[in-house]
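Reader: Hi! I'm new to this one, could you walk me through it?
Author: Happy to, let's look at it together.

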Amino acid sequence: MTDVHRVLRSFSESRHKYPDVGKAVDEVCESTSLDKQSVLYILEMAGVYVLPDSEIEKEIKAFIASMDKDVLDLEDLTRNVAFRFVISSKEASRLT
């Protein structure tokens, strides 16, 4: 199994256990024996985690702020964010 597969599998399992993404990432580092930078890179490239204060997070926040919330409900907004930024629905939900 490649590092990417191990990280993604471990992150998926850890996200179910911990509401805190930081704890989930730390557990992935422990279970895969990879450094945090490598784990975060894989998660970000796979679209399952957006790094706090990153350029992409700023773009997502600006997009959310520009949306007419009277027209879109939270579920539609989340779907739009996930689709537009090619990230997981769970991550889009966390950001909205």
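Author: Two terms to begin with: a contact means heavy atoms within 4.5 Å. Helices (H or I, at least four residues) and strands (E, at least two) are DSSP runs, numbered from the N terminus.

Reader: Thanks! Where do these coordinates come from?
Author: This is a predicted model, in which local features need pLDDT of at least 70 and side-chain atom pairs count only at pLDDT 80 or more, while totals for chains, interfaces and linings use all residues. Residues are numbered from 1 along each chain as its sequence is written, and side-chain values use heavy atoms, with hydrogens and water left out.

Reader: What is the mean pLDDT of the chain?
Author: The mean is 93, and 99% of the residues reach 70 or more; pLDDT is the predictor's confidence in each residue, from 0 to 100. Confidence is highest in helix 3, with a mean of 96, and lowest in helix 6, at 92.

Reader: Nice. How many helices and strands are there?
Author: The protein chain has six helices and zero strands. Its C-alpha atoms fill a box of roughly 45 × 25 × 20 Å along the principal axes.

Reader: And how much of it is buried?
Author: Buried residues account for 34% of the 96 residues. Here buried means under 20% relative accessible area and exposed means over 50%, with partly exposed in between (1.4 Å probe, protein chains only).

Reader: Let's go inside. Which residues touch the most other members of the largest nonpolar core?
Author: Those are V7, F11, V25, V39, L43 and Y49, out of 13 residues in that core. Helix 1 (3-17), helix 2 (21-32) and helix 3 (36-46) are the elements that give it two or more residues, and helix 2 gives the most, with five. A nonpolar core is a set of buried Ala, Val, Leu, Ile, Met, Phe, Trp, Tyr and Cys residues joined through side-chain atoms within 4.5 Å.

Reader: What is V7 in contact with?
Author: Setting aside neighbours within four places in sequence, V7 is in contact with V28, T32, L34, V39, I42 and L43. Another core, of eleven residues, lies apart from the largest one and includes V50, L77, V81 and A92.

Reader: Back to helix 2, which of its residues are buried?
Author: V21, A24, V25, V28, C29 and T32 are. These residues are on the same side of helix 2, because they cover an arc of only 140 degrees around the axis. The arc is that of the directions from the helix axis to the C-beta atoms. Helix 1, helix 3 and helix 6 are among the parts that cover the buried residues of helix 2.

Reader: What about helix 4, which residues are buried there?
Author: In helix 4 the buried residues are E57, I60, F63 and I64. Their arc is only 125 degrees, so they too sit on the same side of their helix. They pack against helix 5 (74-85) and helix 6 (89-95). On the other side of helix 4, E55, A65 and S66 are exposed.

Reader: New topic! How many salt bridges are there?
Author: The count comes to six, where a salt bridge is a side-chain nitrogen of Lys or Arg within 4 Å of a carboxyl oxygen of Asp or Glu. One of them pairs K36 with D26, with 3.4 Å between the closest N and O atoms. K36 lies in helix 3 and D26 in helix 2, so this pair ties together parts that are ten residues apart in sequence.

Reader: Where do E91 and R94 lie?
Author: Both lie in helix 6, three residues apart, about one turn of the helix. E91 is buried, with a relative accessible area of 2%, whereas R94 counts as partly exposed at 34%. Elsewhere, salt bridges that share partners join E75, D76 and R79 into one network.

Reader: Great, thanks for the tour!
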